[in-house]
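Below is a set of questions and answers about one protein model, each answer setting a value against the definition of the term in use. Please look over the structure first and then read on.

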Amino acid sequence: MNAPKHPLGYTDALRPQETQWLNARAEDLKRTPTQLTQLVPRLPSVLPKLMTALNNPDTPIRTLTGLIESDPVISSMVLRLINSPAMRVRRENIESLDQAVMLLGFSGMREVVSAAMFSPIGRLEPVEGACPLLIHDI
């Protein structure tokens with residue numbers, strides 16, 4: 001284990017491209033705080049478990065909340081939806097997932113989970129030679 005602490009020529013300083021990228025992400029977050037959630041990977045095992053739990057009316061709310069909390073993308077979708085102007089029930093934002101799940105209910109949560117399942121399809125990049133209405137049809 002006689003390796004040097006850092007490779008020869010290593011520096012803690014960021015390269016100009018890295019600094020530029022970080023500054024651009026910071027500006028993105030200032031404009032739209034939830035914009036970068038698309039960069040967070042979803043956990044594929046959570047959605048089927050959520051659908052199973054939502055199909056059982058005897059599922060405790062705490063079980064649903066626990067599943068939602070385990071996936072940051074779905075958590076942000078739930079909170080974004082419950083705090084949207086169309087769903088807002090009070091002046092201040094709801095920050096508790098327990099509260100959000102209670103207010104949305106099983107049918108509202110099914111819609112959130114369905115949107116989470118199909119959102120990667122809606123973000124497909126254009127495919128050369130494919131009909132532009134392909135995404136719409138899907």
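Q: How many salt bridges does the count come to by the rule in use?
A: The count comes to 2 salt bridges, where a salt bridge is a side-chain nitrogen of Lys or Arg within 4 Å of a carboxyl oxygen of Asp or Glu. This is a predicted model, in which local features need pLDDT of at least 70 and side-chain atom pairs count only at pLDDT 80 or more, while totals for chains, interfaces and linings use all residues. Residues are numbered from 1 along each chain as its sequence is written, and side-chain values use heavy atoms, with hydrogens and water left out.

Q: What makes the contact of glutamate 69 and arginine 62 a salt bridge?
A: The N to O distance between the side chains of glutamate 69 and arginine 62 is 3.3 Å, which is to be set against the limit of 4 Å, so the pair meets the definition.

Q: Why is aspartate 98 said to tie together separate parts of the sequence?
A: Aspartate 98 forms a salt bridge with arginine 62, and their closest N and O atoms are 3.2 Å apart. Because aspartate 98 lies in helix H5 (residues 97-122) and arginine 62 in helix H3, the pair ties together parts that are 36 residues apart in sequence. Through shared partners, the salt bridges join Arg62, Glu69 and Asp98 into one network.

Q: Why is arginine 62 called partly exposed?
A: Buried means under 20% relative accessible area, exposed means over 50%, and partly exposed is in between (1.4 Å probe, protein chains only). Arginine 62 has 47% relative accessibility, so it counts as partly exposed; glutamate 69, at 42%, is also partly exposed, and aspartate 98, at 33%, is partly exposed as well.

Q: How many helices and strands are there in the protein chain?
A: The protein chain has 6 helices and 0 strands, where helices (H or I, at least four residues) and strands (E, at least two) are DSSP runs numbered from the N terminus. From the N terminus on, the order of the elements is α-α-α-α-α-α.

Q: How do you know that the buried residues of H3 line one face of the helix?
A: In helix H3 (residues 61-69), the buried residues are Leu64, Thr65, Leu67 and Ile68. Seen down the axis of H3, they fall within an arc of 160 degrees, and therefore they line one face of the helix; the arc is that of the directions from the helix axis to the C-beta atoms.

Q: What puts the buried residues of H2 on the same side of the helix?
A: Val46, Leu47, Leu50, Ala53 and Leu54 are buried in helix H2 (residues 46-54). They cover an arc of only 125 degrees around the axis, which puts them on the same side of H2.

Q: Which residues touch the most other members of the largest nonpolar core?
A: A nonpolar core is a set of buried Ala, Val, Leu, Ile, Met, Phe, Trp, Tyr and Cys residues joined through side-chain atoms within 4.5 Å. Of the 22 residues in the largest one, Leu50, Leu64, Ile68, Ile74, Val78, Leu104 and Met109 touch the most other members. The elements giving two or more residues to this core are H2, H3, helix H4 (72-82) and H5, and H5 gives the most, with 8 residues.

Q: With which residues is leucine 64 in contact, leaving aside its neighbours within four places in sequence?
A: Contact means heavy atoms within 4.5 Å, and beyond those neighbours leucine 64 is in contact with Leu50, Ala53, Leu54, Thr59, Val101 and Phe106.

Q: Why is serine 76 called buried?
A: Serine 76, which has its place in helix H4, has 16% relative accessibility, so it counts as buried.

Q: Why is leucine 81 called partly exposed?
A: Leucine 81, also in helix H4, has a relative accessible area of 30%, and therefore it is partly exposed. Not counting residues up to four places away in sequence, leucine 81 touches Met87, Leu104 and Val112.

Q: Why does proline 44 count as exposed?
A: Proline 44 lies in the loop between H1 and H2, and because its relative accessibility is 69%, it counts as exposed.
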